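Please look over this structure before reading on. The report below takes it one region at a time.

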Amino acid sequence: MPRIAVVFHSGYGHTQRVAQAVAEAAGAELIAIDADGNLAAGGWEALAEADTIVFGSPTYMGGVSWQFKKFADASSKVWYAEGWKDKLFAGFTNSATMNGDKVATMGYLWTLAMQHGGLWISMGIHPANDKAARRDALNYVGGYGGLLTVSPSDASPAEMAKGDFDTARAFGERVAQVTAARTR
């Protein structure tokens with residue numbers, strides 16, 4: 001059975017809800033990066049055993065959170081040993097606005113995966129980009145390289161758009177399908 005891990009940091013709970021939706025649809029293990037930028041016991045081992053690693057971070061000030069960056073920097077030990085070489089990777093981010101410079105965060109996640117010698121799973125879902133599209137449409141935010149979601153700065157995690165969760169579940173299903181095809 002393919003193993004998928006979703007490793008993420010969430011500062012206010014929004015990114016955690018997205019991580020949960022992706023993980024549920026992918027049949028993945030959730031690995032949270034805590035407020036100090038650390039993984040719980042067994043986190044590094046679970047990532048080592050995973051066939052696919054999905055990175056998730058909010059976009060803060062045009063990039064990943066410092067907690068995610070601390071995790072990424074700590075992964076240099078894995079990098080040195082080529083421990084994640086040829087694994088599949090994917091990623092997602094959330095910010096308070098439609099743009100929010102999410103592309104910079106996604107670029108960082110992709111670069112981290114590439115430095116580890118990984119292979120990237122894209123969205124594989126066309127964006128909702130016609131006049132009839134509404135906020136709850138699948139891939140309304142229009143990500144190609146990874147999952148992009150929005151949570152207004154004054155919205156609680158419970159108030160996030162249904163379309164973002166539908167998109168997160170569709171993305172998780174894609175991650176599971178690609179992982180299963182590769183590990184046959």
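## A polar contact at Glu159

A polar contact is a pair of N or O atoms within 3.5 Å; within protein, one must be able to donate a hydrogen and the other to accept it. This model is predicted. In it, a polar atom of the Glu159 side chain lies 2.6 Å from the backbone nitrogen of Ser156.

Glu159 sits in the loop between strand 6 and helix 6 (162-183). Is Glu159 buried or exposed? Its relative accessible area is 54%. The cut-off for exposed is over 50%, so Glu159 counts as exposed. Along the sequence, Glu159 and His14 are 145 residues apart. In space, their C-alpha atoms are 9.3 Å apart.

## The largest pocket

By class, the lining has six nonpolar and 10 polar residues. It has no charged residues.

## One face of helix 3

Helix 3 covers residues 66-74. Its buried residues are Gln67, Phe68, Phe71 and Ala72. Seen down the helix axis, these buried residues fall within an arc of 140 degrees, so they line one face of helix 3. In general, an α-helix has 3.6 residues a turn, so residues three or four places apart point the same way.

What do the buried residues of helix 3 pack against? Their partners include three strands: strand 1 (4-9), strand 2 (29-33) and strand 3 (52-58). They also pack against helix 2 (43-49), helix 4 (76-80) and helix 5 (102-115).

## Phe71 up close

Phe71 belongs to helix 3. It is buried, with a relative accessible area of 1%. Leaving aside neighbours within four places in sequence, Phe71 is in contact with Val7, Ile33, Gly37, Leu39, Trp44, Leu47, Phe55 and Trp84.

Take Gly37 from that list. Phe71 and Gly37 are 34 residues apart in sequence. Their C-alpha atoms are 5.9 Å apart in space.

## A buried asparagine in a loop

Asn139 is found in the loop between strand 5 (119-120) and strand 6 (147-150).

The Asn139 side chain reaches the backbone oxygen of Gly143 at 3.0 Å. Asn139 also touches Met123, Ile125, His126, Pro127, Ala128 and Thr167, not counting residues up to four places away in sequence.

Met61 lies in the loop between strand 3 and helix 3. Met61 counts as exposed, at 87% relative accessibility.

Glu82 has a positive phi too, near 55 degrees, and is likewise a residue other than glycine. Its place is the loop between helix 4 and strand 4. At 51% relative accessibility, Glu82 counts as exposed.

Notes:
Residues are numbered from 1 along each chain as its sequence is written. This is a predicted model: local features need pLDDT of at least 70, side-chain atom pairs count only at pLDDT 80 or more; totals for chains, interfaces and linings use all residues. Side-chain values use heavy atoms; hydrogens and water are left out. Ala, Val, Leu, Ile, Met, Phe, Trp, Tyr, Cys and Pro count as nonpolar, Asp, Glu, Lys and Arg as charged, and the others, Gly among them, as polar. Buried means under 20% relative accessible area, exposed over 50%, partly exposed in between (1.4 Å probe, protein chains only). Helices (H or I, at least four residues) and strands (E, at least two) are DSSP runs, numbered from the N terminus. The arc is that of the directions from the helix axis to the C-beta atoms. Contact means heavy atoms within 4.5 Å.
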